[in-house]
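Please read the points below with the sequence and the model open beside them. Each point can be checked by locating the residues it names.

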Amino acid sequence: MQIIPQPLFPSLVWSTLFDDRAIFNAKLLDLAMRLRESDPAGVDNTNVRGWQSPNNLQNLPEFDDINLRILQVCQRIGESLHFRSDQTYQHQAWVNISPPGASNKIHFHANCHFSGVYYVSAKEPECGSIFFRDPRIASRMMTYPVDKPTEFTAEEILMRPEEGRMYVFPGWLEHGVEENKSDRDRISISFNVLATPIG
Ligand SMILES: [Fe+2]
């Protein structure tokens with residue numbers, strides 16, 4: 001007897017690793033530090049003990065490279081999901097500088113099709129992982145008697161940070177970031193992307 005599982009409503013996290021990450025990240029690291037110097041207070045959001053820039057990287061020409069890549073990656077994902085061809089992709093992005101001891105509370109991003117994070121600098125795995133919470137409410141009514149969690153039974157799933165890697169996920173997927181337990185800053189760029197009709 002063959003039993004075949006079939007995912008019906010999967011929650012996808014897309015990932016890509018940039019080939020030129022060493023050079024690309026050195027430039028981004030410098031830009032991130034300058035941005036913090038220009039606005040040491042930053043903004044309060046989900047960050048605990050960390051620094052976060054305003055959501056305005058999309059308006060800063062010095063961040064054009066990462067802005068373009070965010071849009072390219074999300075457009076490719078949109079195309080893979082058969083988003084209509086008359087859509088244009090818009091985004092907001094911001095820098096996170098999370099020193100040792102910093103974390104991000106669990107949250108989601110309303111009114112966007114995709115959210116994501118790109119790792120500029122992180123000492124893995126001690127720097128803490130992004131984690132996603134199971135969005136299927138029914139699964140929280142009871143726990144499964146398992147020895148080891150699987151993608152189906154887990155209530156939370158961790159994704160390892162990696163310098164040069166970008167994760168993209170649906171904005172509705174709840175997520176947070178573990179405490180940075182390494183001895184250096186974890187620096188990332190987060191974003192939200194919305195596809196809207198051209199014109
Ligand atoms: Fe987020």
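1. Two definitions come first. A residue is called buried if 20 or more other C-beta atoms lie within 10 Å of its own, exposed if 12 or fewer, and partly exposed in between, with C-beta atoms placed from the backbone. Helices (H or I, at least four residues) and strands (E, at least two) are DSSP runs, numbered from the N terminus.

2. This is a predicted model, in which local features need pLDDT of at least 70 and side-chain atom pairs count only at pLDDT 80 or more, while totals for chains, interfaces and linings use all residues. Residues are numbered from 1 along each chain as its sequence is written.

3. Start with strand S7 (residues 130–133). Its covered face carries Ile-130 and Phe-132, and its uncovered face carries Phe-131 and Arg-133. In a regular strand the side chains alternate between the two faces of the sheet.

4. Where does S7 sit? Strands pair if DSSP finds at least two bridges between them. An open sheet of five strands runs in the order S2-S5-S10-S7-S8, with antiparallel pairing.

5. The pairings can be followed strand by strand. S7 and S8 are joined by four bridges in the antiparallel sense, and Phe-132 stands opposite Ile-157 in S8. Between S7 and S10 there are three bridges, also antiparallel; here Ile-130 stands opposite Val-177 in S10. Strand S5 (residues 103–107) and strand S10 (residues 175–177) form an antiparallel pair over two bridges, with His-175 in S10 as the bridge partner of His-107.

6. Now look at helix H2 (residues 64–80). How far apart are its end C-alpha atoms? They are 24 Å apart, which agrees with the 24 Å that its 17 residues should span at 1.5 Å a residue. The expected span is 1.5 Å times one less than the number of residues.

7. Which residues of H2 are buried? They are Ile-66, Ile-70, Val-73, Cys-74 and Ile-77. These residues cover an arc of only 90 degrees around the axis, so they lie on the same side of H2; the arc is that of the directions from the helix axis to the C-beta atoms. On the other side of H2, Asp-64, Leu-68, Gln-72 and Glu-79 are exposed.

8. The cover over the buried residues of H2 includes strand S1 (14–17), helix H1 (21–38), strand S4 (87–98), S6, strand S9 (165–170) and strand S11 (186–197). Contact here means that the C-beta atoms of two residues, placed from the backbone, lie within 7 Å. Just after H2, His-82 takes a positive phi of about 65 degrees.

9. Two loop residues other than glycine also have a positive phi. Arg-49, in the loop between S2 and strand S3 (51–52), has phi near 65 degrees. Arg-49 counts as exposed because it has 12 C-beta neighbours inside 10 Å. Asn-111, in the loop between S5 and S6, has phi near 60 degrees. Asn-111 counts as exposed because it has 7 such neighbours inside 10 Å.

10. Check one peptide bond as well. From Glu-124 to Pro-125 the bond is cis, with omega near -5 degrees. Pro-125 lies in the loop between strand S6 (114–121) and S7.

11. Last, Leu-12 is in the segment before S1. Leu-12 counts as partly exposed because it has 13 C-beta neighbours inside 10 Å. Leu-12 and Pro-170 are 158 residues apart in sequence, yet 7.4 Å apart in space, C-alpha to C-alpha.
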